[in-house]
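Hi everyone, thanks for coming along. Let's have a look at this one together.

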Amino acid sequence: MQKLSMDQLQRPDVETFKKQSKIPVVLVLDNVRSMHNVGSAFRTSDAFAVEKIILGGITGTPPHREIEKTALGATSSVDWEHAPDLVSRLQKLKAEGYQILAIEQAEGSVMLHQFEPSSDQKYAFVFGNEVHGVDEEIMKISDGCLEIPQFGTKHSFNISVTIGIVLWDFVVKNRFN
């Protein structure tokens, strides 16, 4: 067995990536304080070809050295915007036909493995602050809540891990069925 070279992987350049079709997902970061988590969100969003990232509230924005450290250039390939008022921005997404799904441990949440995304629906997945989770005002306007089952002593995954799990689950359910 031998690892593939960069040429063998045949990844698109940034210009081609910007033009290619994307999965119908907007990633929303709600007051994420770690620049490393923001950078990781960009890198994972590039890998799964999400439409865009919305950086809400205090979430750091590019250009920033700590974001680039983990994004590895994905801030150039993934479309993004900053929304100081995330509730208003999410209401606009709803008006554009997106279903708003908080990723949180909450009453009435749907376990991720039981989530059946519709192939003709656009989604905005909201990931919250590392300590406080998704803001209560955002929870109130969300269309639903997804939860990742956990079996250990800790009450949550790191946000970067959570983003990877949720996006992989979505892609597997939509692209490989």
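Helix 3 is followed by A49, and the phi of A49 is positive, near 55 degrees. When I say helix or strand, I mean DSSP runs numbered from the N terminus: H or I with at least four residues for helices, E with at least two for strands. Before going on, a word on the source: this is a predicted model, where local features need pLDDT of at least 70, side-chain atom pairs count only at pLDDT 80 or more, and totals for chains, interfaces and linings use all residues. Residues are numbered from 1 along each chain as its sequence is written, and side-chain values use heavy atoms, with hydrogens and water left out.

Now back to helix 3, residues 35-48. Its 14 residues reach 20 Å from the first C-alpha to the last, close to the 20 Å expected at 1.5 Å a residue (that is, 1.5 Å times one less than the number of residues).

Which residues of helix 3 are buried? They are N37, V38, G39, S40, A41, F42, T44, S45 and F48, where buried means under 20% relative accessible area, exposed over 50%, and partly exposed in between, with a 1.4 Å probe and protein chains only. Their packing partners include strand 1 (23-30), strand 2 (50-56) and helix 8 (159-175), with contact meaning heavy atoms within 4.5 Å.

Pockets come from a 1 Å grid over the protein atoms alone: open sets of points where a 1.4 Å probe fits, with protein on both sides within 12 Å along at least five of seven lines, and lining residues have an atom within 4 Å of a point. Of the 23 lining residues, R11, P12, F17, D46 and A47 lie nearest the centre of the largest pocket.

R11 sits in the loop between helix 1 and helix 2. Is R11 buried or exposed? R11 counts as exposed because its relative accessibility is 61%.

Last, the second largest pocket has about 380 Å³ of space. Its lining has 22 residues, with I103, E104, S156, F157 and T162 nearest the centre.

How values were computed. Points joined across faces, edges and corners; volume = space filled by probe spheres on them.
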